[in-house]
Amino acid sequence: MQDEFYLKRCIELAQKAIGKTYPNPLVGSVIVHNGEIIGEGYHHKAGENHAEINAINSVKDKSLIPESTIYVSLEPCAHFGKTPPCALKIKELGFKKVVIGAMDSHDKVNGKGKKIIQDAGIEAISGVLEKECIELNKRFFTYHEKKRPYIILKWAESGDGFLDKDFKPTSISNSLANQFVHQLRANEHAILVGTQTALNDNPSLTVRNVEGINPVRILIDFELKVPQDFNIYNKEAKTLVFNSVKDEIQDNINFIKINKDNFLSNVMDALYKEQIQSVIIEGGKFTLQQFIDADLWDGAIIIKNENLKLENGTKAPEFPFTPKKTEIFRDNILEFYQSTTL
């Protein structure tokens, strides 16, 4: 039970950096001596210290370390990247014990970190709160195991199942739900729309109403119909434009030429190469339906305004699934779905 208590704290710490560590995972670490936390830390952003190092650096009396247990939500790394391997640091300092939440499926780690620690004669156990630790890094694990980003479908629909009125942009969600959407954008790595949504709504796809980093914008526009003076082409965020015309980089805009045939698979491959770990599919209906029909999604969020009747316009996607949970945001209902496909 004590191990679970400290691992929960590791998860809490790791969550402070949601949206800021891409392409790295979220990791928290706690150091305990005789039942007392003497150090803690988390990974803030890629290129900076890992969680274990921040936790070690926060310990005032380093002489206690050989009698201490270090808890970490993800297996300590075993490779030299922008920072040296944490497993070697743990070995060098001679911790008494190491407790790991989830093992790291990244091919550069994958059991190697735990082995370094055990080979040094340090007790190491893993799989404590494993489910919660995997959930914390669902984006990271999906990216490395499925070779594609974690995919979240998202749309807002009226009580009678429309996305707009008379095919013109229509406000459906309230200010509270909008704030939630902007937090979602700040948390996820990227956001994707198709040609029609970009033309109809002229969205910026940036983070407003909350603090956070703008996601990478992804536009699927085969014929390059969206004019370059539209908001999606502004300088506010890195933007990937999938098209069938050209490969070209202009400042923050990266045009990526792909084949129309089997394009979803081509987009997933390209996003994997770009190290995009999660993407919100914001629309429109055609784009969303293609992901649904291909069973290419991990989570979905539908905002429903039951009191709003639009009568005519773009019908919401066909999505015959049951929500895992619902939340009330004043007069909006938010439905959260989880894919059961392994």
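Start with helix 6 (138-146), the element that gives the largest share of the lining of the second largest pocket, six residues. The model is predicted; local features need pLDDT of at least 70, side-chain atom pairs count only at pLDDT 80 or more, and totals for chains, interfaces and linings use all residues. Residues are numbered from 1 along each chain as its sequence is written, and side-chain values use heavy atoms, without hydrogens and water.

Helices (H or I, at least four residues) and strands (E, at least two) are DSSP runs, numbered from the N terminus. A pocket is an open set of points on a 1 Å grid over the protein atoms alone, where a 1.4 Å probe fits, with protein on both sides within 12 Å along at least five of seven lines; lining residues have an atom within 4 Å of a point.

Next, select Glu135, Lys138, Tyr150, Asp298 and Gln338, the closest to the centre of the second largest pocket among its 31 lining residues. Its volume is about 1,100 Å³, the space filled by probe spheres set on the points. Colour by domain: domain 1 (1-139) and domain 2 (147-338) each give at least three residues to this lining, with bounds from an automatic or database domain assignment.

Move to the largest pocket, of about 1,300 Å³. Select Thr197, Asp201, Glu282, Gly283 and Gly284, which lie nearest its centre among 46 lining residues. Elements with two or more residues there include strand 12 (278-283) and helix 10 (285-293). Finish on helix 8, which gives the most to this lining, with six residues.
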